[in-house]
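Hi,

Here's the structure I said I'd pass on. Have a look at it, and then read on for my notes on what turned up.

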Amino acid sequence: MRPIPSEMERVPRLTFPSGFLWGTSTSAHQVEGGNENNDWWDWEARPGAINDGSRSGEACGWWKGRAEEDLSAAAAEGQNAHRLSLEWSRLEPEPGRFDDLAFARYAQLLDRMRELGLVAMVTLQHVTLPRWIARRGGWTSWDTAESFARYAEECARRLAQHVPLWVTMNEPAACAAAGYALTYWPPGLGSNRMALRALAVMLEAHAKAYRAVKRIADGAQVGIVLSAPRIEPARSSFLDGAVAWAQDWAFLGATLRSLKTGVLQPPIAGRRARVPGLRGSFDFLGVNYYGRYAVHFDLRSPGLLFGKHVQDPTIRTGGCDWGEISPGGLTRQLVRLSRLGVPLYVTENGIRDSDDELRPSFLREHVAAVREAIGLGVDVRGYFHWSLVDNFEWAEGWVPRFGLRALDRDTQRRTARRSAGVYATICRANGLEAT
Ligand code: FCB
């Protein structure tokens, strides 16, 4: 492998391998509307839980039929894939009772996607949990791993014929951090000990679900999606390097090593260190990448393992720092992750930008960064932009606008942003035009 050129030297190399997947990503709770039976519905009702005071409400109306409209637009604009998630609380509203009508709605949606020529990547769990699971302790309860495997098996049994690519869960470490170590997502525990336990339970649940889906749908590819910001030392000093390494390990490295070896790595807690079925439990890795953090040793940042984020400028949404826009960081991250030896998909990449000022160049530059990684020998099979249409952005509510299409929540009208056209050009050309 030759050394990675700096951002300035990078020349966009045009065409992508044939069969490359071009799509967008969504998640059930953020677009469907009316998900009244999960932990987020209750969380949103608590005063102050959502920064702008909003609720997911009817969201983008996907459950009641708007999904078809958005997905048709995606296909008409040259996309050939879509990543969506199933809402566990709809499919299993009570322990062990599966809902035929809810399964039928997803089957209908997946059928329509096939007619539209959109390859389905389906995530079994994206942030939300059924209320009955939450009441039982959510991811802090070992029973949740068993329940998740049973649910995964049922999904595979009923939907496998529509789904070539399965994702067990989305961003386990980020969920453990936001809801268990911190207090801005449910269940809002604010306990590092509980966060480590939650991550251990999630990895056990992932391993069981991976095996369950593979048992039923042996041709399916099953993976996991991890949040993978690029975390680098601000300066080339030992201390900056050490704290950057520690942050990366806590957020990503420990999970990756656990998946690869089947042994939970410190500091992830667990009643057993070796998790049956965990080793190598991913046929591909989904990479969610939004930006890069520059980390500077700082004794006043104990919550960040003594590493302050000093990149400037950075992208912020309310309480959340998404890091600096860095296509080069994506290339470097893909090169690093390619060492796992499985195909990679960029399963999320995007920017909050209601005026669509930065998104067109953000999109082109990140697609170029993926192409750069492919040129360096990395096996990247698809790029899914976050997101197809503005949607409910968790604790940030409706203020951050990530969509290629703008949503008017009062009328449910969609308006394509300029970026939708930029992305259509990329998808139709299977790459970037020479500039
Ligand atoms: C990711 C989440 C996704 C969405 C984007 C903006 O971390 O997986 O649901 O909120 O951020």
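Predicted model: local features only at pLDDT ≥ 70, side-chain atom pairs only at ≥ 80, totals over all residues.

The crossing of α8 and α9 is right-handed. On the α8 side, the residues that meet α9 are P172, A173, C175, A176, Y180 and A181. Their counterparts in α9 are N192, M194, A195, A198, L199 and M202. That contact divides into 11 nonpolar residues, 1 polar and no charged.

Helix α11 and helix α12 (residues 359–375) have axes that come within 8 Å and cross at roughly 30°. α11 and α12 are therefore roughly parallel to each other, the cut-off for that label being angles under 35 degrees. α11 brings P327, L330, T331 and L334 to the contact, while α12 supplies E365, H366, A369, V370, E372 and A373. By type, the residues of this contact are 6 nonpolar, 2 polar and 2 charged.

Now the sheet. Three strands form an open sheet in the order β6-β8-β9, and the pairing is mixed. On average, neighbouring strands here are turned by 40° against each other, direction ignored. β6 and β8 (residues 292–297) run parallel and are joined by 4 bridges; R230, for one, has R292 in β8 as its bridge partner.

Two helices sit against these strands. Helix α10 (residues 238–261) packs on the sheet and touches β6, β8 and β9, its direction making about 130° with that of β8. Helix α11 (residues 327–337), from the pair above, lies across β6 and β8 and runs at about 100° to β6.

Last, the charges. The salt bridge count comes to 32. One of interest is D70 with R414, where the closest N and O atoms are 2.8 Å apart. D70 belongs to helix α3 (residues 62–76) and R414 to strand β15 (residues 413–416), so this pair ties together parts that are 344 residues apart in sequence.

Cheers

Terms used
Residues numbered from 1 in each chain as written. Heavy atoms only, no water. Pairing = 2+ DSSP bridges. Axes fitted to C-alpha atoms, helices over the stretch in contact; angles between N-to-C directions. Contact = heavy atoms within 4.5 Å. Parallel < 35°, antiparallel > 145°, perpendicular 65-115°, else oblique. Nonpolar A, V, L, I, M, F, W, Y, C, P; charged D, E, K, R; others polar. Salt bridge = Lys/Arg side-chain N within 4 Å of Asp/Glu carboxyl O. Left-handed = near helix turned anticlockwise from the far one by under 90°.
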